[in-house]
Amino acid sequence: MSKLDRLDIKQLRVFQALIREQSASKAAAQLGLTQQAVSEQLKKLRDVFDDRLFLRKTNGFIATPFAQTLSVSVDKLLHDFSTLVSPITFDPNTVEGTFVVAATDYAQQIVLPTLIALIRTQAPNLKVIVRDFEIDKLNELMESGHVNLAIAFPDYIPDSYPILTLFEEHHVCVASPNATILKGTPTLADVAQYPSIIASPSRPNFKGSVDDWFKSFGLKRNVVVSAPCFSVVPLYLETTDSIAFLPSRAIKGLNLIEIKLEHTPDTFDVIAAWHPRYHEDALQRWVISLLKDE
């Protein structure tokens with residue numbers, strides 16, 4: 001066994017106490033140990049360093065020249081060990097690096113403007129990358145650290161990930177002011193039959209988020225266009241006689257008319273999620289705290 005393997009922190013703390021107190025009894029009292037325990041640790045230290053370290057005198061101990069030299073290194077080591085286990089103070093004003101957020105098109109419109117503004121104000125040296133949400137690659141990207149935070153809907157997130165629910169949302173049926181469906185009072189069956197545009201950001205297909213809701217009424221939607229993101233759907237509504245179901249917060253300020261329905265789709269949550277291995281990361285926790293404050 002090497003000398004290093006025979007050395008531990010307890011022995012170094014005994015050594016440090018003996019240097020300062022020059023007394024076995026005072027060192028024991030300082031450390032909350034018995035004098036016998038201090039003597040046992042001193043014996044081990046003498047064996048490791050092959051030096052007597054402390055010589056007895058009338059009223060205590062006196063350090064050998066080697067021990068006096070060694071004390072400088074021991075003090076530094078114990079200070080470094082103490083720093084290692086001390087809580088890390090996180091200061092966003094000085095933090096540097098890059099933080100990557102994967103977000104759905106909806107989250108990029110509704111959640112990220114405020115979050116990015118807060119980050120830029122409080123952590124001016126932190127750079128932010130926003131990337132499109134890739135549902136099929138999410139776990140791989142977050143596990144490898146290429147994505148720090150995901151903002152999406154619960155169905156898109158692995159069950160094992162910690163999450164923060166940001167708010168509750170719901171879909172509304174909308175059309176452009178020129179849509180012919182607005183000339184009457186459409187029933188739910190009428191809405192199902194009317195040409196509809198959906199946003200399918202995760203996978204290009206004709207399955208929309210409210211299809212199951214229509215199915216519960218025995219209805220199937222007439223989906224004619226599938227767009228890759230929410231933001232372009234209002235543009236398509238302006239040029240086609242069609243309708244769409246969009247999240248309520250995504251239509252504010254747009255030239256769209258909400259079609260009131262006899263029944264309304266279920267609400268859903270918008271969430272932030274992160275990989276479990278970064279749950280205690282100081283930067284991660286700080287960014288999440290900003291989302292909590294929004």
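Helix H11 (residues 282–293) has twelve residues and spans 17 Å from its first C-alpha to its last, close to the 16 Å expected at 1.5 Å a residue. The expected span is 1.5 Å times one less than the number of residues. Helices (H or I, at least four residues) and strands (E, at least two) are DSSP runs, numbered from the N terminus. The model is predicted: local features need pLDDT of at least 70, side-chain atom pairs count only at pLDDT 80 or more, and totals for chains, interfaces and linings use all residues. Residues are numbered from 1 along each chain as its sequence is written, and side-chain values use heavy atoms, without hydrogens and water.

Several H11 residues are buried, including Leu283, Trp286 and Leu290. Buried means under 20% relative accessible area, exposed over 50%, and partly exposed in between (1.4 Å probe, protein chains only). The buried H11 residues pack against elements including helix H6 (112–122) and strand S12 (268–273); contact means heavy atoms within 4.5 Å.

Six salt bridges were counted, each a side-chain nitrogen of Lys or Arg within 4 Å of a carboxyl oxygen of Asp or Glu. Lys76 pairs with Asp80, the closest N and O atoms being 3.0 Å apart. These residues are separated by about one helical turn because they are four residues apart in helix H4. Lys76 is exposed, at 54%. Asp80 is partly exposed, at 36%.

A second salt bridge joins Arg221 and Asp211, also with a closest N and O separation of 3.0 Å. Arg221 lies in the loop between helix H9 (211–215) and strand S9 (222–227) and Asp211 in helix H9, so the pair ties together parts ten residues apart in sequence. Both residues are buried.
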